[in-house]
Amino acid sequence: MTRFEIDSDIRKASTLPAEFYLRPEWYERTLEAVFARSWQFVCRENEIDNLFPHTLCEGSLDEPVLAVRDSDSVSCVSNVCTHRGMLLVEEPCRGDLIRCRYHGRRFSLDGRLLSMPEFEEAEDFPSEADDLPEIPTDSWNGFVFAGLDPQAPLEDHLEPLAAAADGFDFENLRLAGTRDYEVEAHWALYCENYLEGFHIPYVHPELNRIVEYSTYTTELFGRSSLQTARGARGPNGRPPFEDGVEGLYYFIFPNTMFNLYPWGVSVNIVLPKGSSRTQVRYLTYVCDESRVGSGAGGDLDTVELQDQAVVEAVQKGIHSRFYQKGRYSPSKETGTHHFHRLIASALGEFE
Ligand code: FES
Ligand SMILES: [Fe+2]
């Protein structure tokens with residue numbers, strides 16, 4: 001298969017070619033090279049009572065994991081019984097051990113096999129292979145992430161946000177709602193649209209009246225980026241929303257968006273469901289009810305539908321035999337360029 005090279009100099013670079021989005025083998029390969037090696041958001045710590053089942057990369061890798069909370073930490077183990085593959089915990093619940101409802105195998109909360117009926121005569125049993133594999137897990141400001149084979153510590157992905165969001169009220173966030181959007185397009189087309197504010201004046205007329213387009217900035221980090229939108233309304237509350245900041249749009253490669261507004265955080269997870277189907281899950285965490293509905297984070301539904309319409313039209317456009325790839329605006333598409341380079345390098349390393 002061809003390797004994708006994206007020039008590090010954005011002034012010379014061309015985008016990922018259409019075949020990346022169109023050929024099913026690239027889709028499959030990206031799931032392993034990018035998604036299986038990334039951190040994925042699970043939930044907030046305070047949503048886990050004790051046992052919390054979760055599917056990593058629902059709709060693509062579909063890996064069942066079980067988040068377990070003890071007094072002060074959260075860890076994850078595989079949620080698949082090591083006997084014949086039964087799902088262990090199907091609903092959030094409480095328990096001081098994990099018991100399989102198929103044939104009664106029992107595990108401790110850290111995944112060690114405790115007992116199994118009718119196995120007295122089995123040889124070399126139990127062995128380590130009968131324990132539940134541990135899944136790398138980490139938390140940041142109460143947000144729990146897990147990954148199958150993450151390539152760098154979670155801290156590396158989120159440290160830049162800690163600096164930019166200094167003073168943000170992470171402590172009091174509570175889940176106010178979840179919404180799912182279905183998009184008929186490749187997941188990367190959705191992400192790369194998110195990663196530039198270039199289209200705001202053309203696609204989002206209402207948002208463009210709130211955001212001062214000329215002051216919109218994008219900062220790039222190792223596996224993340226931060227876009228900052230400022231408006232003309234003046235201070236929007238406590239830090240980091242003084243000085244007219246309307247929204248901080250933080251992207252964690254490959255598919256997690258942390259959008260910080262004066263009212264709270266919209267965590268948007270982009271879930272691939274096929275090479276031209278994507279589900280976008282909006283998790284709304286509120287810390288200041290009085291500010292809900294105002295500013296750049298006020299009418300997210302309108303902005304989302306406007307974005308989806310262009311992304312779906314691009315999905316149709318890249319099928320054209322006349323379109324192979326394009327060029328970047330060196331001043332406005334640094335986030336998209338950075339994202340394409342991370343994909344190209346992940347696929348290159350995976351070969
Ligand atoms: S599959 Fe779990 S005990 Fe048999
Ligand atoms: Fe947009």
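The protein chain splits into domain 1 (18–37 + 154–350) and domain 2 (39–150), with bounds from an automatic or database domain assignment. This is a predicted model, in which local features need pLDDT of at least 70 and side-chain atom pairs count only at pLDDT 80 or more, while totals for chains, interfaces and linings use all residues. Residues are numbered from 1 along each chain as its sequence is written, and side-chain values use heavy atoms, with hydrogens and water left out.

- The C-alpha centres of domain 1 and domain 2 are 31 Å apart.
- Domain 1 gives 30 residues to the contact and domain 2 gives 21 residues, contact meaning heavy atoms within 4.5 Å.
- About 2100 Å² is buried between domain 1 and domain 2, and carbon and sulfur atoms give 62% of this area. Buried area is the accessible area (1.4 Å probe) that two parts lose on being put together, summed over both.

**Salt bridge**

- One salt bridge is counted between domain 1 and domain 2; the term stands for a side-chain nitrogen of Lys or Arg within 4 Å of a carboxyl oxygen of Asp or Glu.
- E58 forms a salt bridge with R281, and their closest N and O atoms are 3.3 Å apart.

**Aromatic pairs**

- The structure holds 24 aromatic pairs, that is, rings of Phe, Tyr and Trp (its six-membered ring) with centres within 6.5 Å; planes under 30 degrees apart count as stacked, over 60 as edge-to-face and the rest as tilted.
- The ring centres of F168 and F241 lie 6.1 Å apart with planes at 65°, so this pair is edge-to-face.

Terms used
Chains lettered and ligands numbered in written order.
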